[in-house]
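Biologist: I'd like to go through this model with you, interfaces before anything else. Could you put it up?

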Amino acid sequence: MKPKTADKIATTLIVFFALLIVAILIGLLGYILVRGLNHISWDFLTSAPQKIRAGGGVGPQLFNSLYLLVLTLLITIPLGLGAGIFMAEYARPGKLTNFIRLIVEVLSSFPSIIVGLFGLLLIVNYFDLGFSLLSGAIALTFFNLPLMVRITEQAFRTVPKAQKEAGFALGLSKWKIVTSVLLPVALPTIITGTILSAGRVFGEAAALMFTAGMSSPRLNFSDWNPLHTSSPLNPFRPAETLAVHIWKINSEGLAPDAIQIAAGASAVLVIMVLLFNLLARYFGRFIYRKLTASKRIN
Amino acid sequence: MQFRKSWIMALALTSVVALSACGNSNNGGNNAAATNTPTENSGSGAELSGSILASGSTALQPLVEQAAESFMDANSGVDIQVQGGGSGTGLTQVAEGQVDIGNSDVFAEEKLKDADAEKAAALVDHQVAVVAIAAVSNPDAGVDNLTKQQLVDIFTGKITNWSEVGGADQAIQIINRPSSSGTRATFEAFALGTKTEDLQGSVQEDSSGTVKKMIGETPGAIGYLALSYLDDTVKTLNYDGVEPSVDNVVSGDYPVWAYQHMYTNGEPNEVVKAFLDYMLTDEVQNGDVVELGYIPASAMQVSRDVDGNVTKK
Amino acid sequence: MRGKTNTKKIEKHHIEDMVGRIYMSLCVLLLIVIIVSMVYFVASKGIANFISGEVKLTDFLFGTKWAPEADTPSYGALPFISGSFLVTLLAALIASPLSICAALFMTEIVPGWGKKLLQPVIELLSGIPSVVYGFVGLSVIVPFLRDTFPGQGIGVAAGALVLSVMILPTITSVAADALASLPQNLKESSFALGATRWQTISRVILPTTMPAIMTGVVLGMARAFGEALAVQMVIGNAPFVPRSLFESASTLTSVITLSMGNTTMGSTINNALWSMALVLMLMTFVFVLLVRMLERRNKI
């Protein structure tokens, strides 16, 4: 075969496969949205699920997913920032640092079901937290923390060296340099990464089935005292998230419209992930502009 | 900048600490309520207060949840949480005192065997409902009735085509449950009368919804479902000529059924007892139980012990 | 006066510095504690059966019969282990060529809008939750396979197809990074010699970036190996080594999700499930080590 023909065939094939991937995504999204969108209404998003009658919604599940995300981020962000900054700025290259990096790698590639089982064993049973939002949030932290560490470390490493050196030249302490010179520059990248990882947390189900539970007790949305058991904010209640709900409804749903609910919930989940993606892009850019612009004025 | 940052960090940390702290107090309150209340029971008018934690069987969960809601409406001082996790989880947790009630599809003795047998002995059984299981097939299989022997032959792989039992010329596709499933244990014990080994190529799904979907969609499929899941997408098969109906189960004519158990560790305290009693009232037995597709335990004209011996009441 | 404030300031800085350092060391320590306790707990549960002698290690690893509820129970996990490897390898075989093409498309064929088009596609694909993949797999791929091939649609092929879409983004993004980091002059000298684009790609670009691309493939396989729900929904879960691609089979993750809740903690079958979790965990170590080896080769 002439090289030219081979080139043409190969190019066509590559373009074909690349477009095939695009087609797969469009097909996937299209399928989920087309099947789900006409089931989504304000009522569907806010009302409680029905066990055997049609017309149930996913209100509590949606709330649980969001609340669990907030709890997880509350635990993950400070820890992840700390460990990430340590890795980027403090750790000296050597065996220990190498070992820690290995740990982060291993932890981030653990299957989520292992994380869930470990959560069941340690948090749910051993620490006796039961199936609860807090158990779920801690399990998700195990799952999200390595990601957060890596995001932070990478963000700090991309900060130009000159910035740090200028700080040292001014006689600033390391901590001062980290918090007031490097962190603001690294922040946009960190925020983008965090929001993207939030999307992953939002869709996680395997780790939560064993930790946050698969039941959703009745919630009283007018009671916001986190200590009351029927309060939506109580972190010690079991909580079924949207992703777990899809799993459960697909398998155990007794309601006659279970399939439509699963389709609708899938669509909601995918839309939320889309939103996280858009938000990550937009917010990262926005913060970057804001921080750099304010720098110039000062 | 660093001020705000450290503020947020501090805030997050304290909130985490605070949350875990109130977790402890919550649990403490839980136990205290459970132990304190029983002394001052003075008949029907006394206001109950305390909290109940139940976990276990996902099949029983909707019923307990629904009953718990109406019980909490009537007793505002009581808080009941119902969690899933599976029968095994429920039994483990009630045996170890992590929950007040363990929900199970099977007798505790069947799950807690050998080394754990004494754990099972400490558990007190409360049978709140009955679930009957029917053999079902894809509607195109063309069979209405299967005898016990035919079912055994199908599930052991001796019969592989529907034409052998008088149906269409179609290969039989078994949609089974995993061997740890309570539904399968019930079906094997009372419909087949024997344990079966998994067959190569058979499909195993744990959840009734998926089983129903698969049987409805797959030509030649056979499986089994609780009565509450039956609808037009699948064909319900008679067993030895007996229709799997509620009446036939209640009278004892249809043998493939099992109790739904709510286990307590030792005799229950007052709050838990009140709730379990409530589960057995006519209000629940003829209301939620029937509505959710279970059969009231109180209506049964026969009873069965852990070894499977059936006696007329 | 001046000197005083100065020393005060330095002291404050020192304290801040120290607090910050301690806090960060604690965070890292926590990471180590998490992983150590994870390995410890899973391992101690996982080896319980072998220590008590209930199950022999060789019977577990090489036994083909999984019948924990039978009168003479047997706990062979080979069907699950082989199932996991089978779907993982198949998924990698399907996804790798697609991903490499996508990466080439982004970096070599149309570097400008190719990246603009595919980058968000890849990110979205990786963002779709696994239950949604399972749901779509069950309602699209399974009926499709049932109509086109012998068998019930459910089975190894369905699992591998669902997984391959799920690991596409992992492989593509690693491969694209590798291709983009290739020195420009390598390509240019190939073009200068009169090579066509395909000759350049096949003889220069792919061979040099192969270790890096393989890193992506291994990372993808690690994800496929550990994926639970999506696979469980479409694979059929029969505890046998499958005889054909369209026959129902099981993976380690699928049997764990199916049976964990149905068994009581401490029972032999429950511990056998933990042994499988331990196998999953050990495989994760293997995958990470593989990635490290590939990265080291990449550096040289």
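Biologist: How many salt bridges does the rule find across the interface of chain A and chain C?

Modeller: The rule finds one salt bridge across the interface of chain A and chain C, where a salt bridge is a side-chain nitrogen of Lys or Arg within 4 Å of a carboxyl oxygen of Asp or Glu. Glu105(A) forms this bridge with Arg292(C), and the closest N and O atoms are 3.3 Å apart.

Biologist: Before we go on, what should I keep in mind about the model and its numbering?

Modeller: This is a predicted model, in which local features need pLDDT of at least 70 and side-chain atom pairs count only at pLDDT 80 or more, while totals for chains, interfaces and linings use all residues. Residues are numbered from 1 along each chain as its sequence is written, chains are lettered from A and ligands numbered from 1 in the order in which they are written, and side-chain values use heavy atoms, with hydrogens and water left out.

Biologist: Which helix gives the most to the side of chain A that touches chain C?

Modeller: Helix α1 of chain A, residues 3-37, gives the most, with 21 residues; helices (H or I, at least four residues) and strands (E, at least two) are DSSP runs, numbered from the N terminus. By class, that side of chain A has 56 nonpolar, 10 polar and eight charged residues, where Ala, Val, Leu, Ile, Met, Phe, Trp, Tyr, Cys and Pro count as nonpolar, Asp, Glu, Lys and Arg as charged, and the others, Gly among them, as polar.

Biologist: What area is buried between chain A and chain C?

Modeller: About 6,900 Å² is buried, of which carbon and sulfur atoms give 83%; buried area is the accessible area (1.4 Å probe) that two parts lose on being put together, summed over both. In chain A, Ile14(A), Ile21(A) and Trp175(A) lose the most area to chain C, together 10% of what that side buries.

Biologist: Switching to chain C by itself, how is it divided into domains?

Modeller: Chain C has domain 1 (4-53) and domain 2 (79-297), with bounds that come from an automatic or database domain assignment. The contact, meaning heavy atoms within 4.5 Å, takes 10 residues from domain 1 of chain C and 11 residues from domain 2 of chain C. These two domains of chain C bury about 850 Å² between them, 71% of it on carbon and sulfur atoms, and in domain 1 it is Val42(C), Lys45(C) and Asn49(C) that lose the most area, together 62% of what that side buries.

Biologist: How many salt bridges are counted between those domains of chain C?

Modeller: The count is zero salt bridges between domain 1 and domain 2 of chain C, whereas two residue pairs are in polar contact there.

Biologist: Last topic: where do the domains of chain B lie in its numbering?

Modeller: Domain 1 of chain B covers 50-129 + 258-312, and domain 2 covers 131-251. Their centres, taken over C-alpha atoms, are separated by 27 Å.

Note on methods. Polar contact = N/O pair within 3.5 Å; in protein donor to acceptor, adjacent residues only side chain to side chain.
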